[in-house]
Amino acid sequence: MDTLTHALSGALLARATGSKDSPPRSLPRRVAAGFFACAAPDLDFVVGFVGPVEYLAHHRGVTHSLLLLPLWAFVFSWLLAKILREPRGWRALYGVTALGLALHIAGDVITSYGTMVLAPLSDWRAQIGTTFIIDLWFSGIIVAGLAVSAFLRRSRWPAVAASAVLVAYVGFQYLQREKAIGFGEQYARAQSLKSATVAVHPRPVSPFNWAVFVSDDYVHRFAHVNLIREEPRAYRPGEGFIAMLDSVYQPLPAARWETRTRYGEGAAKPLAQEAWNSPAMSVYRWFADQPAFDGMSAGSTCAWFVDLRFYTPGREAPPFRYGACRDRPGEAWRLVPP
């Protein structure tokens with residue numbers, strides 16, 4: 001989830017859990033602490049300055065760990081007490097800081113990227129996949145709750161109500177996820193793809209927009225669908241970027257299934273498969289859920305791969321595109337970042 005939405009959700013939770021019996025002027029400090037604490041785990045973006053491979057391996061790692069949450073809560077509550085000049089010290093902010101950190105982790109778990117909640121003991125990535133990384137409806141509920149809370153300063157109930165609506169919205173998204181899975185399973189049965197697995201990922205603009213994958217060991221079959229749309233939505237020039245993104249998602253009966261292979265076809269396939277299984281691609285193999293071959297490049301022998309769970313039609317270039325290259329046969333493959 002984007003960092004600003006994380007921060008705003010932390011402020012909303014801080015307001016919703018604030019007591020009316022709190023000392024004077026403590027509530028603004030509490031809300032500020034929730035705002036900054038819920039954004040804090042994304043400080044691990046600095047790993048990207050080391051290199052894109054390190055970013056894949058460590059983003060949403062130790063700073064997003066439930067095991068380390070008590071430690072981070074102490075560190076950040078101590079810092080925030082200094083920054084916000086909390087007269088009662090770090091103990092007064094420890095609870096709201098811990099809540100903010102936990103909410104950040106939960107906000108990332110509901111996306112498709114995955115979060116290493118047991119780091120550093122395990123690199124398992126928890127992911128529910130109900131919510132797109134930038135969800136305007138999700139963010140809008142938070143903003144509305146904070147706006148009404150600012151107007152009704154003496155009451156925490158607007159923040160409580162907005163928090164409840166937010167939980168209900170994610171639950172609603174989960175139901176849509178189940179519908180998308182059912183659609184993929186129906187397609188797999190119709191195509192007699194008995195060994196295929198079904199995966200779905202949320203897409204932008206609407207909670208009804210989904211990418212549905214039916215995959216086996218060599219091929220991904222996928223479609224971008226809208227679960228309630230009855231007629232295709234044509235994009236007209238000038239309608240804007242959001243309308244362009246939304247127009248891709250077709251009604252279920254009109255779903256357009258595409259095919260991408262894991263290792264390519266023809267003469268490129270053995271080389272691409274060798275590159276994919278090389279030690280150089282170990283981090284990317286661990287990271288990618290729907291890996292697909294994305295071509296060979298000229299010059300040095302390079303096989304490129306993408307993770308289709310991040311493929312969004314209308315986006316110029318897919319993120320997390322990595323390759324394995326070597327200059328001549330027999331040499332070791334080396335990982336090449338985007």
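Q: What do the buried residues of helix 5 pack against?
A: Helix 2 (26-39) and helix 6 (91-109). Contact here means heavy atoms within 4.5 Å. Helices (H or I, at least four residues) and strands (E, at least two) are DSSP runs, numbered from the N terminus.

Q: What kind of model is this, and how are residues numbered?
A: It is a predicted model, where local features need pLDDT of at least 70, side-chain atom pairs count only at pLDDT 80 or more, and totals for chains, interfaces and linings use all residues. Residues are numbered from 1 along each chain as its sequence is written, and side-chain values use heavy atoms, with hydrogens and water left out.

Q: Which residues of helix 5 are buried?
A: Leu-69, Ala-73, Phe-76, Ser-77, Leu-80, Ala-81 and Leu-84. Buried means under 20% relative accessible area, exposed over 50%, partly exposed in between (1.4 Å probe, protein chains only).

Q: Where do they sit around the axis?
A: On the same side of helix 5, because they cover an arc of only 140°. The arc is taken from the directions between the helix axis and the C-beta atoms.

Q: Why would that spacing put them on one side?
A: An α-helix has 3.6 residues a turn, so residues three or four places apart point the same way.

Q: What span should helix 5 have?
A: Its 16 residues (69-84) should span 22 Å at 1.5 Å a residue, and the end C-alpha atoms are 21 Å apart, which agrees. The expected span is 1.5 Å times one less than the number of residues.

Q: What happens just after helix 5?
A: Arg-85 takes a positive phi of about 55°.

Q: New topic. How many disulfides does the structure hold?
A: One. Cys-302 and Cys-325 form it, with sulfur atoms 1.9 Å apart. The cut-off is a pair of cysteine sulfur atoms within 2.5 Å.

Q: Which strands does the pair link?
A: Cys-302 is in strand 7 (residues 301-307) and Cys-325 in strand 8 (residues 322-326), 23 residues apart.

Q: Is the link right-handed or left-handed?
A: Right-handed, with 120° about the S-S bond.

Q: Are those cysteines buried or exposed?
A: Cys-302 counts as buried at 7% relative accessibility. Cys-325 is buried too, at 2%.

Q: What stands opposite Cys-325 in strand 9?
A: Arg-334. Strand 8 and strand 9 pair in the antiparallel sense over three bridges. Two strands pair if DSSP finds at least two bridges between them.

Q: What is the strand order in the open sheet?
A: 6-7-8-9, with antiparallel pairing. The edge strands are strand 6 (291-297) and strand 9 (334-336).
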